[in-house]
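Take a walk through this model, one stop at a time. Keep the sequence and the 3D view side by side.

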Amino acid sequence: MATLGDRLDHVLGVKAAEKLGEAFDMNTVEDLLRHYPLRYATQGQPLTESEPEDGAHITVVGRIAKTELKPMRNRRGSLLKVQLDTGAGKPVEVTFFNGDKVKYVVKEGLRAMMSGTVSYWRPGSWNLSHPGYLILPEAEDDSVGTFTKVRGGGDLRGLAESAKGAGGVDVSFMEREFIPVYPATAKVQSWDLLACVRQVLEQLDPIDDPLPEQVRAERALMAVSDALRLIHLPERKTDIDQAKERLRFDEALALQLVLAERRHEVSGRTAKPCPPRTEGIAAAFEKKLPFELTAGQQQVISEISDDLSQVQPMHRLLQGEVGSGKTIVALHAMLQVVDAGQQCALLAPTEVLAAQHYRSLRNMLGELGTAGELGAAEDSTKVVLVTGSMPAATKKAALLDAVTGTAGIVIGTHALIQDAVEFFDLGMVIVDEQHRFGVEQRDALRAKAKKGVSPHLLVMTATPIPRTIAMTTLGDLETSTLTELPRGRSPITSKVVPRKQHPAWVDRAWERILEEVEAGRQAYVVCSRIGDDEEKEAGKGKKGKKDEEKEAPTTAAALDVFDTLRAGPLANVRVGLLHGRLPSDEKDQVMRDFNAGDIDVLVCTTVVEVGVDVPNATVMVIVDADRFGVSQLHQLRGRIGRGKHAGLCLLITDASPVGSAMARLDAVAGTTDGFELSVLDLRQRREGDVLGAAQSGTARSLRLLSLLDDLEVITAAQDLARELVEADPGLKKHPGLASMMSAAVDSERLEYLAKS
């Protein structure tokens, strides 16, 4: 017998266990049983007057009524045309492409099972092309329960081999109404997994359900023992639905238990309280603001101010639309911390953005941000910048200001995380565009506070997060959302420019830029790659030059577009170039020139995606827009319309007018609602990716739970998780739940979530 915690090599043998471990990182029985079917091959689909959908995968059983071998028209070889009589009216038409080989097995009069994809050649006429097939014994055969020799091909042959026991192939299993089809690899096929699952289930001991009986009764959930069996070997459609309902709740609860543990752990930390002062730099800053804050900004400032006044560290997410005024809110929080005699660190993902933040905060603070300089205000502080590529002397001076406490605000990139960077008294960490950073990086910066003290944490993002996502991935953070745009922001119009269908529209895009420049305004031209030899360098290795040339992208490179525009349509205006491979001082100088109006048109890559603020820029042309994600397009578009003039965003694309890429671009052009676009983006990217797969290097962990659609399940799981952890921190009294948590979410993902 076997338990969920048993190692697979003890249950399946070393050879099978090693294959599963290499392909799917499976080590225990529970790992295998939580590798759920991707879909189910259904038997006996009723072939009545209603026709199956084009592209549907169906499995049919019947008698071969007719076979006909025909030569292929345009190449060597033959087709075997088959009619399969299922007893449901018109025979099913089947085509095998390797007819010469199949004809010896697929013969008239034999009983067969065939499984494949429906293809329509013309309305009302459909076909199964080159399906998997299995020749079945006759119903009147005495040995109908089993047969010893497997005759067939494709997936069904593999399934039959997996159903083979000491007495032969179990035909009754092959004719089940629902046969599971698993996520597989080239080395471990679906039928291999099925054979392993069946072997494990035959040996599995009864499972002690980790979910309290009262919870199961309230939500009408089946026992986990039944769910893990029926998800793999269902008899009815209701078995699948009920099993998924139970296991979906398990996934939601596992995630929420991680976050509840994290929330409990944070509540036990101690931070230095930073109550607001009626006199000080924060109050002085408010008085000098040349505009009135929105009601939303005032509300969020109040929420953050209350958090900073507590002895427990703030743990808050600040999200808001592009240009919603998050920077002002964050600066107010920093000044409240500085008023309390502590320091703030602002972590930005790129040097361009870090430098932009540095300039922006210095400009907003004026004399309040020039401590130690002539003309500094009485309550002023010092703002310094730390990046990896800055001159050694400048960096040394900035580090000295940080360690002595002279600098109240330290802005930087990953360079802030280095061991050499020390703070006098770090009171708050702000992480901008949090999805750009690994968890370890954020932890390393927070660890620079004084021993025994946790700094307050404010996480900012301009990528709107739907409520379900925030609850599931950031459930231990309080969330503040800025929805209204500050006064002075102008509307942005977006248009798709299909280059292949309307090449003249591209010429018109350059003309629109010239019109804006002539009116005294500026523009961006954004490209998806830098160019030069970047792809050749990346492609070197096992593949030869021929492969590199074959796979070379057809997208326009920033370097090429820069040269083309300067020599052609924009020859009479000042064109600048900005990309990630430029030296840091050159990047900074280009942005200074663009800010100052000395560059009319900036050809760039996505280094301008976030944080860059040039109010005079009114037009953005995005070349090969289909190469960008929905949220990325929305972020880029947010760089324009930041002043008194309306913005225009033109999305140039070669995408098919009827394809998904064009539909995505039309959606972006059709709305400026970031929350609406974020939902679209998550559905297209596979929503599970938001759990940080790119940062932790592991595969998607959510198997059944939809972060976008299962709000009720997530909410119920969150309530239960917080109740359980409050009563039993560490889940010492609930070992089953602790084990379920580890199995439902892979260990690396748990570590990721626990630290975020």
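Is Cys274 buried or exposed? Cys274 is buried, because its relative accessible area is 0%. This is a predicted model, and the values here are computed from it. Cys344 is also a buried residue, with a relative accessibility of 0%.

Now look at the sulfurs. A disulfide is a covalent bond between the sulfur atoms of two cysteines. The cut-off applied here is 2.5 Å between those sulfur atoms. For Cys274, the closest cysteine sulfur belongs to Cys344, and 7.8 Å is too far for a bond. The structure as a whole has zero disulfides.

Next, go to strand E13, residues 315-320. Six of its six residues are buried. His315, Leu317 and Gln319 point one way, while Arg316, Leu318 and Gly320 point the other. In a regular strand the side chains alternate between the two faces of the sheet. Both sets in E13 are buried.

What does E13 pair with? One partner is strand E18 (residues 456-461), in the parallel sense, over five bridges. There, His315 stands opposite Leu457. Strand E19 (residues 478-482) also runs parallel to E13, and five bridges join them. Gly320 has Leu482 as its bridge partner in E19.

Finish at helix H9, residues 224-230, where Leu230 sits. Leu230 and Ile240 lie 10 residues apart in sequence, and their C-alpha atoms are 6.5 Å apart. Beyond four places away in sequence, Leu230 touches Met222, Asp239 and Ala243.

How values were computed. Residues numbered from 1 in each chain as written. Predicted model: local features only at pLDDT ≥ 70, side-chain atom pairs only at ≥ 80, totals over all residues. Heavy atoms only, no water. Buried < 20%, exposed > 50% of the residue type's maximum accessible area, 1.4 Å probe, protein only. Helix = DSSP H or I, 4+ residues; strand = E, 2+ residues; numbered from the N terminus. Contact = heavy atoms within 4.5 Å. Pairing = 2+ DSSP bridges.
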